[in-house]
Amino acid sequence: MDHLRRPTPRLAVRALILRENRLLLVNAWPGVESELWCAPGGGVEPGQSLPDNLEREVAEETGLRISVGAPCLVNEFHDPDSGFHQVEIFFRCGLTGGELSAEWRDPEGVVSRRGWFGRTEVAALRSKPDRLAEIAWGTGFGYDPLERLVR
């Protein structure tokens, strides 16, 4: 019965949104600013579809409205010290409304910065998952096995 006490992996969704060949990224770490950038998105709420969850998360974190397309990446990361394990499904998305605004505040208080970045800029940033730029500007589907959680 030990398997019943193990933490269940958290499921999350993330949006890869390109506009004018620039990728939308957020700086998300609760309560602090980090140098780690990622695609907008977050945890899945039960009873809502993955696209509905993603539309909600992107709106909360950025104030933007999106259309959710096909999945393009499954990424896993974990923190062996705490046992935290997250499985993320990345979707190709289109922008349908809104603009980034310096006045926008994430109601959850997780995202502190957001911005559009070109491929060379993304390569120079500290970002996760490791294949973020490759998948965002590519056309195929990817799977990144268990990456270690970084802060």
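This is a predicted model: local features need pLDDT of at least 70, side-chain atom pairs count only at pLDDT 80 or more; totals for chains, interfaces and linings use all residues.
Local features need pLDDT of at least 70 and side-chain atom pairs count only at pLDDT 80 or more, while totals for chains, interfaces and linings use all residues. Residues are numbered from 1 along each chain as its sequence is written, and side-chain values use heavy atoms, with hydrogens and water left out.

S101 lies in the loop between β6 (84-97) and β7 (111-117). E60 belongs to helix α1 (residues 50-62). Helices (H or I, at least four residues) and strands (E, at least two) are DSSP runs, numbered from the N terminus. In sequence, S101 and E60 are 41 residues apart. In space, their C-alpha atoms are 13 Å apart.

Accessibility was computed with a 1.4 Å probe on protein chains only; buried means under 20% relative accessible area, exposed over 50%, and partly exposed in between. S101 has 28% relative accessibility, so S101 counts as partly exposed. E60 counts as buried because its relative accessibility is 19%. Neighbours within four places in sequence aside, E60 is in contact (heavy atoms within 4.5 Å) with W104, R105, D106, P107 and E108.

The cysteines were examined next. A disulfide is a covalent bond between the sulfur atoms of two cysteines. Here, a disulfide is counted when a pair of cysteine sulfur atoms lies within 2.5 Å. The structure holds 0 disulfides. For C38, the closest cysteine sulfur is in C93, 14 Å away, which is too far for a bond. C93 is in no disulfide either; its nearest cysteine sulfur, that of C72, is 8.0 Å away. C38 is buried, at 12% relative accessibility. C93 is also buried, with a relative accessible area of 11%.
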